[in-house]
Every structure is written in structure tokens, then in C-alpha cells.
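Visitor: Please show me the model, and then let me ask how its terms are applied.

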2 protein chains.
Amino acid sequence: MNDVLVVGSVAFDTLHLPSGTHLRVPGGSATYASLAASLFAPVRLVGVVGRDWPADVTRTLVERGVDVEGLEIVDGLTFHWEGRYSDDLTHRTSLRTELNVFADFHPRIPERHRDTPYVLLGNIHPELQAEVLAQMRAPRLVLADTMSFWIRGARLALERLLRRVDVLVINEEEARELAGMHNIVRVGRALLAMGPRHVVVKRGEYGALLFDGPDEIFWAPAYPVADVVDPTGAGDSFAGGLLGHVAQGGGPSPERMRRAVIVGSAVASCCVEAVGLEGLLATNRADIEARFRRFQTLAHFAPPSEIEPTDSP
Amino acid sequence: MNDVLVVGSVAFDTLHLPSGTHLRVPGGSATYASLAASLFAPVRLVGVVGRDWPADVTRTLVERGVDVEGLEIVDGLTFHWEGRYSDDLTHRTSLRTELNVFADFHPRIPERHRDTPYVLLGNIHPELQAEVLAQMRAPRLVLADTMSFWIRGARLALERLLRRVDVLVINEEEARELAGMHNIVRVGRALLAMGPRHVVVKRGEYGALLFDGPDEIFWAPAYPVADVVDPTGAGDSFAGGLLGHVAQGGGPSPERMRRAVIVGSAVASCCVEAVGLEGLLATNRADIEARFRRFQTLAHFAPPSEIEPTDSP
């Protein structure tokens, strides 16, 4: 069994992009991460929506191999976020956050999902993430994604959680804040010391770093996308693609972790090429494999024979 | 012949670093670049100093294989720059710039140096860089380093120069300003369209990008330095190491350009580990080769066989 359980938000996003405004686009961290992971492994989604959530989006998830038994539908409205991106798409401002049914969300893992070996904890309160883990029976690998404001708001809960997490995926800025230092080599070491066996630092257009040990570092490029349309969900897609690849392969060997970071980056690069979920829905395994090969070209350089003097003509 | 001619500033730097203040440390773009290039190829330095320039620094350069016939010594004081670095060493503020003898500098290339095949134009006014090229007889490869404020102050002279430059090495921020856009893939294409056959974008702690064509991109990591002491001269060392490696190898093949970016990054990583020129003086070819191998480990990931379903256990 190589199923992936994904817990997080399922939401509508109103997006003000340089290319225009898009109202109430289906999204949410669990939705992006589930679609991304489903490219590689069966997925089980845990989340909550209101009565206004479109059935055809759920249907699309199911068609992609996402088990939605854990997606509760309750009275009320679905989580709605509204934000504006800067012209260069590198920053965004939250304009509105309507938690709605998400406000009282407590993840309930269906009984038949409690043995799922791979668990992706999306960006929800660390106490809720801990509630998920309390319901799981000996998961093989737990990934926690991007901590955002919990670093300030729930530091102790976060530190407790980190001791139970195998893979921490975190933005560079958050990583620096959590570690309390700037130098990224030292930041990686400090975060490993908090518990996770693998720390993945997301650096946006600068790629990602994987730390497997104090001096075990993998430097992943970002896919060179000339036309970024909508960065929403890129981080979730990255985490979903990463864990999907690890699950597909059967576990986190050092080599597979490196490849998984590349696969996650490839999936994220598809995500940002269209608005909302469209980028993920338009991609497939062949596309990801082609992008993987592009990554190989991007990062390739030959052995150092030519820095020997014998190389002179 | 694989000599490298380096033109730029020779200077004293007063450095306010988090680790302390250092008064009138010998430096300058041409000094750093010459020492870096001299690890791989014979170097000819062209610059100007005053009577206060220490003879033992010149002697050290000569011992490293730097021909100083083109280093003029004139009445007056040597260029002096004073600056303060931020605590995380990612920013610096100029406190004082005393051009002194550099104010009236016009590079004079000694007759026997005018056939030098590899030319490194350090960060001086584009008109002065053009004066250098006017004195050279058919150089094989011309590299121009970091444009800084000439982008605003001498845009036309810069654009004229770029049509005669083979390798442009430029900071990411400057590259975006020069191209007038943010997306770095498009920036690379725009700069190539200005003339250079190779564009190298320096991204500091995020590594470097090499553009050899609209879709020919190489993504170089930065060396993971846990203890950055003094970033002064890192960019000059990068350019010097890069061109030194190309000169040593006999020219800019695509493979050699990629390796050269790694070699330049390795040399720059040595530079920042001590104050002033000390980092460069402490390194050698074996050290650079060891760091090159570390770069290989850093960037390595295995072929995509495991993103096939057959990988499942």
C-alpha cells in the first residue's frame, strides 16, 4: 500500500492577478496537494466544505484517484480567501479571510484510512495537525507543510508537532524565523535538531534545499517558467508532488528524496502556469517526466577533469 | 597562450563587518579578480595605485603569477572605499568613496599585453572599458563584470559596450533593472539580445544562472558556506575564477562555460571565508577541486527511472 492521506483546507480563492481578477476559484491547500499527489499515488483527502462547494470539483478529484470519504460537507459556506498579487507575482496581500465552516474544523479520519502510510499535514493549526496524528496508526512518513503564522502564534504546539514529523516543508523566510538566524546552512541544521529527519526549504523562484543531515544538502533548481500566471497553490503542489513520489517509490531513501524534490518542483511549475487548479488538471505523468529531464539539463555540469592543467590545448 | 588581462580598480577598503572593523584592507575589483584567475592561468593586471600602495601586496601578486607591468604607480593616494555590512552580510552601505588617483585613470595596456586572448573588464565606467578594448588586438573572449550604477548613469555607453562583450557577468538586481522586467528567464533572453553570447546572473547566496541561448540555461548552486566572514570581492573572485578556468581550458565551449561558473563559485566561496584578500590567498587548486566535487554532490540527483510506476516495491 502506498496511499497518501492529505489534510488541509478546501477553499474558494478570489484572486487579483496582474492578468485579471478571478472570483471564487476552487482551491485550498488540501485540494492542490491532493491533485498533485494523485499524479503518483492513490490519495485520501480529509477536509471540510460548505453546501456551496461545487460537486463537479469533487467529482474531478475522484476521477483523479482521490478518495473523498474524509471530505465532510456541513451546513454553511466554504472557507473563502481573497488576495492580491504584486505585478511581479512575488508577493501577495491577504484582503479577506472568511473561515466559515473551516472555523470549527476538527479533522476526522475515516476508520479505513487510519492505516494510510503517507500523511501530508497541510497548513492548519499545529493542534489540528496533532489531532490527525493521534488518529493515525503508525504512519510510515509524516510530512508537514509550511508553518506560516503558527511560528508566532503557536510556537510550543509547533515544536511539539515537529518532534513527530519526518519531513518538514517550509518557506525560506519562515525557516529563518523559526531557527532565529539567517545563514541557510545553519538554519537547516537548526531545524533538523528540532526533530524532522528531512527539512525541505522552499525558496520560490530560487528553487529548494533539502537537508538530510548537518552536511547533507541537496540544491534543487526551480523550473524556468517564462510565463507565471498564478502562484496560488504552488507550495501545496510541491509538497503533494514530493510526497506522492516518495509514496510511489515505497519510502524516503536519500536518492528518492532528492528526486522527490525535483518532482515536486516540476508539479509546482505546472501549477503556476494557469489560474487555480487548471494548471494541475492540465498536466500528466508524461509532462512531469519531460520537466524532470529539463531539470537534469538545467543542473548538469561535467566532472572536474578540465580544471586540471592537462586540459590546455 | 591562455593569458588573462584584468582591468579594474586597485583599492583600500575600510570594512565594517559584524565581526569587527578593518581599516584600509588591500582590495579592489582588479586585485580580487587577478588573484582568482591566477589560480588557473597567467594574469596581466592593469590598474592604478598611489604611492601609499604597499609593495608587499604587489609582490604577492607577482608570486601568484600576476604580471604587474600594467599597474601604474602615480603621485597621490590609492582609491579608498569604506562600507558597512548588515548583520546578515546580505547588504552593504557605502560610507565613503575617495577616488584619489583613480579619478583620472585611463587604462594603458602595455604593448606586449595587447595580444592577450582573455580580457576581464572589471566594474569601471563603460567608456574606460571601451578604451581598453580599443587597445586590444582581436581578443578571443571579453568578459565584462557587474555594471552597478552605470545602468542609470551611462546607459548608452553601456549598450554600445555590450555589443562588444562576449560574457556579461551581472548581479540579478542589476540584470532586472537593465532588462526592465522581473521574470529571470525573460531577463536572460533580453540581455542576450543586447549582444553578449553568454550572460551570467549572480544571485549571491542563491547561486548563479548561465544563459547561453533563449532556452539554454544552467542553474548553478552556491557553495554552502556556514561561516561567511567578509563578502567583499566575492563577485570579482567569481568573475576571475570563471574566466581563469575558461582560459585554462582554451575557450568557452558550452560544457566549459558551465564548469567555469562552478569554478567561479568555488573561488568566491573561498574569498568570503576571511577578511579582504586572505581567503583567496589561503586557497589553492586542490581546495578548488575539492569544492568542485562538493558542488557535484550538492547538485546531484538520479535519472527519472523511479518516477515510473515500476518503481513500486
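**Terms and values**

Guide: Glu289(A) is partly exposed, because 15 other C-beta atoms lie within 10 Å, and the class falls between buried (20 or more other C-beta atoms within 10 Å) and exposed (12 or fewer), with C-beta atoms placed from the backbone. Glu289(A) belongs to helix 11 (residues 285–299) of chain A. This is a predicted model, in which local features need pLDDT of at least 70 and side-chain atom pairs count only at pLDDT 80 or more, while totals for chains, interfaces and linings use all residues. Residues are numbered from 1 along each chain as its sequence is written, and chains are lettered from A and ligands numbered from 1 in the order in which they are written.

Visitor: What makes Asp230(A) count as buried or exposed?

Guide: Asp230(A) has 25 C-beta neighbours inside 10 Å, so Asp230(A) counts as buried. Asp230(A) sits in the loop between strand 13 (216–220) and helix 8 (234–249) of chain A; helices (H or I, at least four residues) and strands (E, at least two) are DSSP runs, numbered from the N terminus.

Visitor: Which residues does Asp230(A) touch, not counting residues up to four places away in sequence?

Guide: They are Leu15(A), Leu17(A), Val272(A), Ala274(A), Val275(A) and Gly276(A), where contact requires C-beta atoms, placed from the backbone, to lie within 7 Å. Val275(A) is 45 residues from Asp230(A) in sequence and 5.3 Å away in space, C-alpha to C-alpha.

Visitor: Why is helix 6 of chain A called roughly perpendicular to helix 7 of chain A?

Guide: The axes of helix 6 (residues 172–179) of chain A and helix 7 (residues 184–193) of chain A cross at roughly 65° and come within 9 Å. That makes helix 6 of chain A roughly perpendicular to helix 7 of chain A, since angles under 35 degrees count as roughly parallel, over 145 as roughly antiparallel, 65 to 115 as roughly perpendicular and the rest as oblique. Axes are lines fitted to C-alpha atoms, for helices over the stretch in contact, and angles run from 0 to 180 degrees between N-to-C directions.

Visitor: Which residues meet where helix 6 of chain A meets helix 7 of chain A?

Guide: Ala175(A), Arg176(A), Leu178(A) and Ala179(A) of helix 6 of chain A meet Val187(A), Ala190(A) and Leu191(A) of helix 7 of chain A.

Visitor: What makes helix 3 of chain B parallel or oblique to helix 5 of chain B?

Guide: Helix 3 (residues 126–135) of chain B and helix 5 (residues 155–162) of chain B have axes that come within 8 Å and cross at roughly 30°. Helix 3 of chain B is therefore roughly parallel to helix 5 of chain B. Pro126(B), Glu127(B), Gln129(B) and Ala130(B) of helix 3 of chain B make the contact with Ala157(B), Leu158(B), Arg160(B) and Leu161(B) of helix 5 of chain B.

Visitor: And why is helix 8 of chain B called oblique to helix 9 of chain B?

Guide: The axes of helix 8 (residues 234–249) of chain B and helix 9 (residues 254–271) of chain B cross at roughly 140° and come within 7 Å. That angle makes helix 8 of chain B oblique to helix 9 of chain B.

Visitor: How many residues of helix 9 of chain B are buried?

Guide: In helix 9 of chain B, 15 of 18 residues are buried, and the helix is mostly covered.

Definitions and conventions: Two residues are in contact if their C-beta atoms, placed from the backbone, lie within 7 Å.
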